[in-house]
Structures are given as structure tokens and as C-alpha cells.
Amino acid sequence: MLYIEKWKAALIVLICALGVAYSSPNFWRSATAVDDSGIPGWLPNKTVSLGLDLQGGVHLLLQVDIAAGVRSRAAAFEDTVRQSLRGTGIRRTPPERGGAAVKFRTLDPNDAERAADLIQENDPSAVVTIGEAGEITVGFTETDEERLRLAMLTQTIEIIRRRVDALGTKEPIIQRQGDDRIVVQVPGFDEPEVLKKIIGTTAQLAFRLVDTTSDPSTFVARPGLERLPQALTDEQKATTPRPPPSQYFVVRNSPVVPGALLIDAQPSFQDSRPVVSFRFNGAGARRFLDLTGRHIGEPLAIVLDNEIISAPTIQAAIGANGIITGQFSVPETQRLSLLLRSGALPAPVEFIQEASIGPGLGKDSIEAGKIACIVAFLAVALFMSVSYGLFGVFAAFALILNGGMIIGALSALQATLTLPGIAGIVLTIGMAVDANVLIFERIREELSIGQSPVAAIDSGYRRALSSIIDSQVTTLIAAVILFAMGSGPIRGFSVTLTIGIVTSLFTAIFLTRLMVVIWLRRAPRRTSLPI
Amino acid sequence: MAIIPLRFFGSRPNFNIVPRRKFAYVFSASAIIGAMVALVMLGLNLGIDFRGGSLIEVRYPTQPNITELRGKVDALNLGEVTIQEFGEPTDVLVRVQRQGDAVEDQTTAIQQVKAALGADAEIRRTEFIGPTVGEELKEAGAIAVLLALFGIVAYVWFRFEWQFAVAGLMALAHDVAITIGLFAITGWEFNLATVAALLTIAGYSINDTVVVFDRVRENLRKYKTEALPSLLNRSVNDTLSRTVMTSVTTLIALGALAFFGGEVIRNFTYALIWGILIGTYSSVFVAACLLLQFKDVRNIRQPASDSPHIPTPEID
């Protein structure tokens, strides 16, 4: 008959208390507070973590062009070919890049085999093949290429993390997604354009000599030389339509001092103009000293991502320390020095999805969500009380506790609450009482066929259970699939829906039953029920 | 206790629902045909989630002149651009179609639109979805809906007989089809949130249907000699009060969300409200009636020994 063992009753009360305890920090502590002083550590102190759509911030999805990264890495095989065959008397065509490999042919077909052997000897990790027409291809092994791809992605994430960390925002998220994508989330940041510039710039810096003998306007492509445009200023980039580069330079492909050898870069001033000062490591300093020492009086191009920042004339041999001049504003020198410090991205990235929510909208959404929740709670609670009398009041009380438990579960699990997530809570409020409706309707039915109140309550709870479980499982299936397939805010909806279904089953079945049993025990000889 | 419990249908409702199923069939069939025609003729107004493109929400200190803004933005020649008031008279939502395949073009377009909207516009939200992401999301959304339908039907099959699963699936497809039709007719934006709403509707609608089926099964055991149409009618009536109660509480909650929840999720809420209405209708007027179409449904009275049955769980 109707009886709940003491330990079960205690367990039900305990679970409810835990739910309320875990939800409580959300009421006395603001989501942004960091000061935990004065609160004992063993108390629940986590608040619900808000999604970007509620606290504001920038979300970016990046596609890493790994193929391009591998191609540029393969360009190093050009040097391998040159070095391996230097002084061997083998005459060859200049090495050309093709895909993730470098190709060339020997002028005398009989040299091909020897050339291939020499290269292989020089770089045992390379795959050297001779084609039918005598063309020699130098490339990566499959495992090397696979490793390279993985390393590139990891390195890209690492560098992006360094750059985003430098913004000094609270808890940015940088995560790999799939084989070649990265998710970046910066809560509380309101300037997507700034973030994209910081993340999206490859920042491949190089110092290259300007070839003063060629005229950039009549330049035709020649091996060893390249024509590069002068970088546009930020101001020019912002205007529409964007002006085409006004000036070009022809630069030599070697010697090059790569920016990878920098160990530090800082924004600075020279003659009250913003510049970036930098410092090389040992190897970099030697190479830079060598380059500048031998070409005093010639213009040296400072190349960033295949655009010329500036091309000052070399005044004297420079070693470890130098400066980069250009058409800079102070924020630009700050950004550039940050990019140079964090290192160049090994592969170019592209933004394929972007969402930025201002702090105002987030705050409004939270406000709107709160009001909707409270109104929904009160209206449904009132409706239940009117429909089912005292039993409805029990259900309404269970509903309120259910709300506390949803918030408690969200805080304890540190699940992210999004705007659709709030919608999920509101929807659960409406659906949570379903279990009680099923039970109460059943009790009414049992009463109408002449069962005693106690028997009616007993079979009401017992018989409605199969329907309750069947009906909640179907909703749960939909919620779980949404969680698996959805992303971002929508996933938040499935989270609250799932949590809500579970907690509402608990409060609607166990908690109301406990209340009914306690109420019955106070007056066991009732002949009618207030339902 | 001062509270007097309220009842919708007296103590035992007894409506002639199953005997008059022809009306429901005609109504549902024409609704589905209408929905399909609308879908083919009008198509769906796909959101940027699926098509790729950008969206900018701004707030002005005072009510802006939308016609004037439209003129300024149209002058940029960015193709299809929609500008509309969004919730408050001071808020404006601008949607820009996808600009070619290069992401760079899209970024430039956003910058241009921002500039055209003027300096006093507070940017509240910008979103951009690249074409590849749009295609992927479209695919993921379609897979999610199919998976959910499949999962739900599989569960119903597992718990009941196949006739129930088929009838449930038909009722479910009915609800989803008519909801999609509503989006085609109204031109409401069909986006990721809509897909989430569809899944929720599917879950809710089958939830209602399952409760009716549960009662059908119980009555099949209880009234062994009753004719099937009258037994189904009894089952629908037995559960009618519960079906309506739960729909009302859910609609109350969703009504609060629609009124107070803000503009961003309004379409989502509308889709859910519609889905609750249509799901309730199909559970009462369609799902159980469909069981009559199976000749061997009477055999369900004596469940075959090889069909899987989970014992009904009990609490003590």
C-alpha cells in the first residue's frame, strides 16, 4: 500500500536539497564575480556558465589550409636539391614547386639516377622518384606528410592561443574541430574585426634584398626574383572600394633572413614615429649581420605575408637588434609586434563562420529569458493548482523545486546555458507537469469507478508510470539527437531539455508522491480527495 | 481546501471521434497536400545558417527611417539585402546574401553595410556563415530530423507492435510536413533553430500519441470483446483530458516565452506553439484512427510470444 520507506524519503529530500544547494550560488553571486573570499570551499560555489549568446563575445570557426602549408613546407626541398647537387657537375633545370613536392630534370638524362641518389643521401627522409621522362620529384613520405599535417594543426592552435591570450580576455576557448578546423571563442570581446586580424594574419616575416636592376612595372617572371606589392595601410583597407596597390618591388628570393629567427618584438618609437623593434636569436643575428654587412647602401625589403611593409636602405651592418619602419599607427605596431612574438602560422587560415554578440544584446536576452521563465513558472503552477486542487499545489511545488534542480544541475555539470537553452527550460516547465497530469487524471479515473482514495492514489501512480516513461523517452531521443548533431546555441537547447526531462521525472513522480503520502498519513481515513 | 478543481470535460468525456474520422482524414490530407504544394511552389525561406551570408543587428538611439536605410544599403549593390524592424522600433536587422565564394568579399560586405548604417548604430550582433558551413549545416539538419524520426519510431516499435509504430510514424510525418508547409506559406525564416523546433515537435507529438497508444493497449486487454472502433474511441476519450491538460500547460509556458522571451527566439517559439497544436490534433484525431487501417490489429490483444515486451516498470 501507500508507504515510503524512511531511507527512500530521506534520499528524495536529500536530492532535492542538493539541487537547491547547487543552484543557490546563482542567486547570491554574479556570474562574473571572481572573489571567492569568505565562502567555505566545500560549499557549492559554481554558477551557471553562460554561452556566448548570453554574455556577449566572438565566436569564430577557422578553416586551416593545411595543403597550402604542406606545399610551402615542400618548398624547402628546393634548397635540398641545390645543396645536394652543388659542385657535383650535374647540370639541371631550376627546381619547381608542384603540389607537395619539388620537381626538376637533369640536362643529361644519364645523370638522373646519380642526382636522385645524392639527394636521397642528403635527406634520407625525402621520397625521391624518377619519372618516365627523366623528371625527378622530391617529396614527403606519406607518414611524414600525415605527421606534418597534424603538427601544423597543433602548432596553428598553439600560436592562435598565444595571440588570443595576449588580448587578456577571460577564458578564451581554442579547440580543434575535425581534421582541419579550429573553433575560437572569446567571451566578453566585442571587436570581431580586431580578433580576426590578430588570428588570421599569417605573419610570415622575411628580410629580402630589393633587386634595383629590374623595373617593377615591366617585370616579367624570372627564376630567383619575385614582384611583390606594397602593403596597404589600415585606412586604405577600410575604404571602399579598396584601392589597388600603388607600388611594387622586385625582390630576390635569396638571401633571406626569416622572421622565424626573431626572439622578441616590441612596439616602439623612432623620431616620434611608431616602429617595431626586434631582436634576433644567435643564428638570426649572424645571418642578418652577414646580409646587411655585404649590402650596405642597398634597399632591404621587409616582407610580411608577401607584402612589402617598407624597404629602407641599409645604413650599416646590423646584428641582433633592429627596427621595422613603415606607415604604422600605434595600434598597428602593437599588433605587429604581438604577431611577430607569437610566431607565424604554419598554414594560412580562413574564417568560415563568425558570430559576435554585443554585451547589450546578451544582457537583454538574459533579462527576457528570466522574465519568460518566471512568468511560465507562475502561470503553469497557478493553472495546475486550479485544475487539480491541493494535488495541483503539490505539483506546483514540485515544479518550482524542479526549476531549482535544473539550475543546480547546470551549475554542477558546468553545462553552458544559451538563449535556446533558456527556451528549453521554459518548454520543460510546460512539459514537466505532464507526469503529474497523467498521474492525477488516472487517480480521478480510479476514483470515478469507485476506488477508495488510498487505492486510487496507489494505482494512479502505479499505472501511469508506463505512459510517463514511454512519453518522456521519445522526447529524450529527440533531445539526444539534437545534442549529437547540433552546435553552439542549439546544443544548449538539447542540454536543458535533457536535464529538464530527467529532473522533472524525479520531482513529478517521487517528490509529489512523498508529499501525497505525508498528507495522507496525517488523516488516513479520508473518503474523498481534493483532486 | 478552498481550491475547487477544474475539469475540462466533466468526469468521463465521450466524444464520437473515431466514428467521424473521415472528417479528420479529409482535413489532414488536404493540409498535407496544401503543405507540399506550398513547399514546391513557394519554397522555404532558408536562413543564412543554410544559405550562407551575413546578418547584422543594430540599435539606434531613436527610431530610424528604414526606407532611407534601405536606400543607403541598396546603393552598395550587394545583391539581395533585407532590412527589417526587429522587436523594438529602434532595432533593425539586416540580412545580406552570400557574396561569391571568397570569405574576403563577405567581410568587406559586412564592413560596407556597417558603414552605411551610420555611426550612431550600436552593433548588437553580427553573424556570418560561409557557403561550405551552410551546406554542412543543411546536411546535418536533415540527418538529425531523419535520425530522430527513426529513433522515435524504433522505440515505439520496441515498446508496442509494428502497427503502432507505423501509425505513430504517419502521425509524426503528418505533423512535420504540415509544420514545414506553414514555414513555406508564411515565409518565416527556416534555420537551424527551426530544425531544433521540428525535432522537439516530433518528440512532443509522439509523446502525446504514445500516451493514447498505451491506453489502447491497456483497453485491448481489458475489454476483450469490444469492437475495435469503439474501443479506440474509448481510449482517445480516456486520455483526452490529459492530452488537453498537458498541451495547455505547455502552451502557457510557450506563450510566456513568445511574449517575454525576446525577438531572437520568437520564430523558434512560434514554430513550437504551432507544433504543439498540430501534434495535439494528430494525437487525438489521427493517430488512433490510423490503427483501424491495419486488418490484423486485433491480434494485438493476444501479443505474440515472439514480440519483445518490456514488463511495465513499477514503483513501490
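Leu419(A) is buried, as 27 other C-beta atoms lie within 10 Å; a residue is buried if 20 or more other C-beta atoms lie within 10 Å of its own, exposed if 12 or fewer, and partly exposed in between, with C-beta atoms placed from the backbone. The structure is a predicted model, in which local features need pLDDT of at least 70 and side-chain atom pairs count only at pLDDT 80 or more, while totals for chains, interfaces and linings use all residues. Residues are numbered from 1 along each chain as its sequence is written, and chains are lettered from A and ligands numbered from 1 in the order in which they are written.

Leu419(A) belongs to helix H13 of chain A, residues 419-432. Helices (H or I, at least four residues) and strands (E, at least two) are DSSP runs, numbered from the N terminus. Leaving aside residues up to four places away in sequence, Leu419(A) touches Asp53(A), Leu54(A), Ser365(A), Gly369(A) and Pro489(A), together with Val264(B) and Ile265(B). Two residues are in contact if their C-beta atoms, placed from the backbone, lie within 7 Å. The C-alpha atoms of Leu419(A) and Ala368(A) are 9.6 Å apart in space, and the two residues are 51 apart in sequence.

Chain A contains 16 helices and 18 strands. Its radius of gyration is 35 Å, well over the 24 Å that the globule rule gives for 531 residues, so chain A is more spread out than a compact globule. The radius of gyration is taken over C-alpha atoms, and the globule rule is 2.2 Å times the number of residues to the power 0.38. Along the principal axes, the C-alpha atoms of chain A fill a box of roughly 110 × 60 × 45 Å. Of the 531 residues of chain A, 44% are buried. Among contacts in chain A between residues at least 6 apart in sequence, 69% join residues at least 24 apart.

Chain B has nine helices and six strands. Of its 316 residues, 47% are buried. For contacts in chain B between residues at least 6 apart in sequence, the share that joins residues at least 24 apart is 78%.

Within chain A, helix H1 (residues 6-23) packs against helix H12 (residues 359-413) at an angle of about 60 degrees, with the axes 7 Å apart. Axes are lines fitted to C-alpha atoms, for helices over the stretch in contact, and angles run from 0 to 180 degrees between N-to-C directions. H1(A) is therefore oblique to H12(A); angles under 35 degrees count as roughly parallel, over 145 as roughly antiparallel, 65 to 115 as roughly perpendicular and the rest as oblique. The crossing of H1(A) and H12(A) is left-handed, a term used if the near helix is turned anticlockwise from the far one by less than a right angle, with right-handed used if clockwise. On the H1(A) side, the contact is made by Cys16(A), Gly19(A), Val20(A), Tyr22(A) and Ser23(A). Residues of H12(A) in this contact include Leu401(A), Gly404(A) and Met405(A). The contact of H1(A) with H12(A) comprises eight nonpolar, five polar and no charged residues. Here Ala, Val, Leu, Ile, Met, Phe, Trp, Tyr, Cys and Pro count as nonpolar, Asp, Glu, Lys and Arg as charged, and the others, Gly among them, as polar.

Among the residues in contact are Asp470(A) and Val473(A) of H15(A), and Ala140(B) and Arg159(B) of H5(B). The contact of H15(A) with H5(B) has 13 nonpolar, two polar and two charged residues.

The contact between the chains takes 69 residues from chain A and 69 residues from chain B. Elements of chain B that give two or more residues to it include helix H4 (103-117), strand S5 (122-129) and helix H5 (131-159). The side of chain B that touches chain A has 40 nonpolar, 19 polar and 10 charged residues.
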